[in-house]
Structures are given as C-alpha cells and as structure tokens.
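Work through these exercises with the model open beside you. Try each task before you read its solution.

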Amino acid sequence: MNVRIPSSDGGEFSGYVALPRKGKGPGIIVIQEIFGANASMRAVCDHLASRQFTALCPDLFWRTEPGIELPETEIEKARAIRMKTDDNKASDDAAAAMDFLRKHETSTGHVGVIGFCWGGLISYLTATRHKPDAAVSYYGVGIDKRLDLAKNLSCPMMFHYAGQDAFAGPEVAAQVREAVKDNPRAAVWEYPAAGHAFARPGGAHYHHPSADMADMRTVSFFVEHLIGNRQ
C-alpha cells in the first residue's frame, strides 16, 4: 500500500509499504536506485515482507521529480535526476521514513535501512548521519568518496560488492574494507562472478547465485540485529 511520510523540513512524500503476513515485524527502509521507487524496489519490499519484515520504500526523488519511475534502459534520464538530488537531503528523508516506520502499527520499532546503487550510498550516509539499527549497502556508488565518514557509523553495517562492477568494483571494496577494518560491526562481501546491479529483481544484469547469497546474508544480518534475542 502507499503512504505519505512527513519530511523533517516541511512537506511530505510518498512511499510504498509491504506488510508482514501477520502481526508485527522489524522495519526496513528500502532505498531506491537512480531509477526511482519503481517496480524493482517494490519487489524488494515484497520479498522482505515475506520474511516477516515491514518494508517501506520512500520516494527520494520527491524534491525534484516526485513519483517518477524509470526502467533501467533510461539511464541518462535517471542520472540527470540523481545529479539534481542532494545526497544529504536524501539521507534526511530516509531518516524521516525511519521515524515513520518506527511508529507504524505493524512495526516492532526496530528499523534498518538497505540501499542499492545510489541507494547504497544513501544507506551508508544514513548510517553515518542518523541512527538506524542496522544498514546494508548493495554495490553503493560513491561511498569511496565519503570514507572519511566511516568513523561515524552508528550501527552494524554490511556492504556487498561485485567483482565485475565497472562503477564500484574490487578496488572500491578494498578501500571500504580498509576503512572499516577496525569496526567489528562492519562486514564487506564480494561476489567475483557478478556485475553491477546483480541483485536487481527482473534486471538485465541479475546474477542469480550471487543475488541469492547476498540476500541470504542480508536477511540473516537483519534478523540478528533487528530481532536478535529481544523479547
């Protein structure tokens, strides 16, 4: 279902919520790629809801192109919108979505964030600038330019990188691993046979074995840090 989320600086924006099958579940904010809060991101929400999470994908392009959904073939248009979007503002909006989900009737109040591509960067920024309970980044583009913030990670965080990624490949994974090497709550995983966007549902570059492994690690990570031994 669709919801309206109040922003921290006035106004409101839309989001898609997928609910757990019954009762309550931990919340997860699903942060979009540069193609908007589209069908692929809704599919991620639905998958997480099937695992008993309450998943919310907010429209983080609402300040420039509200409601836009693009196919992966419209890369240039997507990049143009992304370039008009302030990353810190997007992180603030992700935090507003976290606050919304903490209070949602189907949420336990524990909320993590997960992001893909540009969303992987926003997930990282949210984990360094705000206080999710856990964070995951899939092939986040641009994190290597913001590694000075790694010391500010406020929660456990998992990073997934693809060995054949032209935008955030093994050299970026190595830089991230070095930046978080002293943080026992951070983990970096690599998938040598996969390329960028290997976990995009229905995407042209979907790599089933790598996506399955990354998704299993992600769900286990969220179960550990959003549920754990809490009563």
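**Exercise 1. Cysteines**

Which cysteine sulfur is closest to the sulfur of Cys155, and how far away is it?

*Solution.* This is a predicted model, so local features need pLDDT of at least 70 and side-chain atom pairs count only at pLDDT 80 or more, while totals for chains, interfaces and linings use all residues. Residues are numbered from 1 along each chain as its sequence is written, and side-chain values use heavy atoms, with hydrogens and water left out.

Step 1. Recall the bond: a disulfide covalently joins the sulfur atoms of two cysteines. Here the test is a pair of cysteine sulfur atoms within 2.5 Å.

Step 2. Find the partner. The closest cysteine sulfur to that of Cys155 is in Cys45, 18 Å away, which is too far for a bond.

Step 3. Count. The structure holds 0 disulfides. Cys45 is in none, and its nearest cysteine sulfur, that of Cys57, is 5.0 Å away.

Step 4. Check burial. Buried means under 20% relative accessible area, exposed over 50%, and partly exposed in between (1.4 Å probe, protein chains only). Cys45 has a relative accessible area of 0%, so Cys45 is buried. Cys155, at 2%, is buried too.

**Exercise 2. Helix H6**

Then find which residues of H6 are buried.

*Solution.* Step 1. Helices (H or I, at least four residues) and strands (E, at least two) are DSSP runs, numbered from the N terminus.

Step 1. Ser210, Ala211, Ala214, Thr218, Val219, Phe221, Phe222 and Leu226 are buried in H6. Seen down the axis, the buried residues of H6 fall within an arc of 165 degrees, so they line one face of the helix. The arc uses the directions from the helix axis to the C-beta atoms.

Step 2. Look at the other side of H6: Pro209, Met216 and Glu224 are exposed there.

Step 3. Find the packing partners of the buried residues of H6. Among them are strand S3 (25-31), helix H1 (39-50) and strand S5 (107-116).

**Exercise 3. Salt bridges**

Which parts of the chain does the pair Glu72 and Arg200 tie together?

*Solution.* Step 1. The rule asks for a side-chain nitrogen of Lys or Arg within 4 Å of a carboxyl oxygen of Asp or Glu. By this rule there are 15 salt bridges.

Step 1. Glu72 pairs with Arg200, with the closest N and O atoms 2.4 Å apart. Glu72 lies in the loop between strand S4 (54-58) and helix H2 (75-83), and Arg200 in the loop between S8 and H6, so the pair ties together parts that are 128 residues apart in sequence.

Step 2. Glu72 is partly exposed at 27% relative accessibility, whereas Arg200 is buried at 8%.

Step 3. Asp92 and Arg129 form a salt bridge (2.9 Å, N to O). Asp92 is in helix H3 and Arg129 in helix H4 (residues 118-129), so this pair ties together parts that are 37 residues apart in sequence. Asp92 is buried at 19%, and Arg129 is partly exposed at 34%.

Methods
Contact = heavy atoms within 4.5 Å.
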